[in-house]
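Thanks for making the time this morning.

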Amino acid sequence: MPPHKWTDESRDASCYYDEDTLGRTAGSSTDNDDDNEEADDEQEAFCAGDRPLIRGTAATNEDFPQTRHVFGLMGFLGFAVVYAMRVNLSVAIVAMVNQTAIPHTNNSVMDNDTCPIPPPPQNSSSKPPPEGEFIWDEATQGLVLGSFFYGYVLTQVPGGRMAEVVGGKLIYGYGVLITAIFTMLTPLAARWDLPLLVLVRILEGMGEGVTYPAMHAMLAHWIPPLERNKFAAIVYAGSNIGTVISMPLAGWLCSLDFLGGWPSAFYIFGLLGMLWFVCWMYLVYDSPSVHPRISQSEREYIKRSLRMQCNRRTNAIEAPLDHEAEEEEDGESSSEEEHEERQQDDASASTNNVPWLSLFTSVPLWAILLTQCGQSWAFYTQLTELPTYMANILHFDIQSNAILNAVPPLTAWFVGIACSALADWMLAKRYITQINSYKLWNTVASVVPSLGLIGIIYVGCDWVWVTFMLAGVGSFGGAVYAGNQMNHIALSPRYAGTMYGITNSAANICGFLAPYVVGLIINHRETLTQWHIVFWLAAGFSIAGNFIYLMFASAEEQSWSLPISTGVRRRRRRRSVRT
């Protein structure tokens with residue numbers, strides 16, 4: 001009997017990789033040649049459709065939902081909660097600040113450089129919203145909104161590395177918990193002192209900063225390669241859903257008297273974060289091998305898929321050495337021994353020293369970093385400053401403002417899932433290579449939303465077209481999950497968390513730079529001309545970053561990431577001695 005059984009679940013993974021993958025991984029032992037050839041014949045017939053998906057009449061009776069799906073759902077909800085806690089200040093600050101007490105210098109500009117204030121609806125009995133209790137000008141508001149990212153960038157790299165060493169479950173879980181605690185302290189800090197509010201937001205950012213790198217490290221252990229694009233799109237799209245839900249909900253809470261109005265937006269989302277933490281600690285584990293409730297078939301499927309990908313990568317570097325070793329050593333080492341040695345190397349990867357010099361001199365990693373910086377500048381300009389633009393330029397009330405700002409993340413979520421599913425399908429059918437897939441979808445995610453920002457400049461005060469540019473054209477930013485977001489795992493699965501921490505840390509520097517620069521550009525001049533500068537700047541950064549990515553991106557695992565088995569090291573030593 002052949003040593004491998006092919007099922008419908010493993011068809012895509014097995015047929016996607018090189019046809020000789022299994023033959024190589026089985027080693028060079030002559031005792032297994034017949035079995036290997038029979039397994040290869042079975043795989044070839046299976047991929048060609050000449051064999052049934054499942055032998056006999058027995059069907060798979062795996063539990064639903066799968067354990068990795070539960071992990072994905074909890075990751076999705078975790079990002080939804082942390083993004084709700086991140087963006088609620090962008091909405092609440094409209095109710096917190098007394099806009100009438102801030103001096104504006106629009107007297108020297110022409111009247112047609114500002115949008116007209118719409119007349120109040122007829123027979124409207126609603127009273128105007130009360131003025132906020134804080135007198136913060138645009139620069140101070142930019143400091144408050146951007147202070148979160150001072151802490152956020154500090155824990156990106158440490159968070160990714162800690163997730164690789166101790167596991168992502170604790171790092172991700174406690175990151176969300178810390179964010180929830182300091183979210184609930186935000187109203188108290190704001191009323192106590194402005195520097196204290198900035199400090200609380202920095203600490204909140206430090207808690208949330210570990211979440212993305214920790215999740216990236218966990219995806220490398222949990223998700224088969226051909227599921228990663230759409231799986232990552234669903235998990236990371238929690239940030240979009242969190243924004244979609246939190247913005248209108250925060251706007252509605254700010255308009256109530258419940259818990260003092262705007263403070264309720266922080267109390268409620270903070271409590272949700274604590275509740276999520278309890279569920280996460282019970283349901284999720286670091287990897288399939290340590291999960292006590294995962295089915296045996298799912299565990300084996302995940303391990304087989306990841307092993308096949310690893311073998312495909314390492315064959316390229318080990319094949320020449322194996323050929324020379326066979327001529328010199330007469331088959332001294334067995335395939336089973338080499339496989340065990342490779343497993344030991346992979347198991348010790350988390351404790352190995354990170355090749356920092358190789359990371360920081362990696363051109364493909366710099367390409368990811370720069371395109372993420374450009375995309376983040378455009379993203380955070382929209383996330384943190386768009387509510388202010390809607391309120392001060394288009395003159396929306398806080399509830400309408402929040403609802404309209406929630407539409408772009410919702411459409412981006414749908415487009416992101418669709419693009420990621422299409423990307424996986426194209427890869428499985430081999431219509432496109434991995435690197436061209438990354439470049440295609442990264443271009444879609446960078447250029448198309450930038451055209452939407454430029455479109456806002458030309459539609460002026462027409463809120464319908466502004467919404468279309470943001471929610472329609474801008475929705476293609478969701479394609480980033482099939483673009484550079486998964487590129488780290490391709491470059492180095494062993495150090496994916498650390499690498500994501502590096503690039504995400506650099507990208508989120510834009511999280512405090514963008515609001516600060518916008519505050520300097522506006523500087524008491526709430527005019528269309530000044531805001532047009534803001535949109536041109538964001539679009540230009542995003543397009544420039546994508547151009548660099550197209551030039552220097554790679555999908556090949558880097559040489560400093562490839563594990564070198566003990567057997568290969570032994571052969572190298574013997575060759576050097578003989579030489």
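What percentage of the 579 residues of the chain count as buried? The figure is 55%, where buried means under 20% relative accessible area, exposed over 50%, and partly exposed in between, with a 1.4 Å probe and protein chains only.

Before going on, please keep in mind that this is a predicted model, in which local features need pLDDT of at least 70 and side-chain atom pairs count only at pLDDT 80 or more, while totals for chains, interfaces and linings use all residues. Residues are numbered from 1 along each chain as its sequence is written, and side-chain values use heavy atoms, with hydrogens and water left out.

The secondary structure comes to 24 helices and zero strands; these are DSSP runs numbered from the N terminus, with helices being H or I over at least four residues and strands being E over at least two. Among contacts between residues at least 6 apart in sequence, 86% join residues at least 24 apart, a contact being heavy atoms within 4.5 Å.

Let me turn to helix 4, residues 67-96, whose 30 residues should span 44 Å at 1.5 Å a residue, and the end C-alpha atoms are 43 Å apart, which agrees; the expected span is 1.5 Å times one less than the number of residues. A kink of about 30° is centred on Val87, the bend at a residue being the angle between axes fitted to the seven residues ending there and the seven starting there.

The structure holds four salt bridges, each defined as a side-chain nitrogen of Lys or Arg within 4 Å of a carboxyl oxygen of Asp or Glu. One of them joins Arg68 and Glu298 at 3.0 Å, N to O, and this pair links helix 4 with helix 14, residues 296-329, across 230 residues of the chain. Both Arg68 and Glu298 are buried.

Another joins Glu208 and Arg86, with the closest N and O atoms 2.9 Å apart. Because Glu208 lies in helix 9, residues 194-208, and Arg86 in helix 4, this pair ties together parts that are 122 residues apart in sequence. Glu208 is buried at a relative accessible area of 0%, and Arg86 counts as buried at 3%.

Within helix 9, Arg201 and Glu204 are three residues apart, so about one helical turn separates them, and their side chains meet in a salt bridge at 3.4 Å, N to O.
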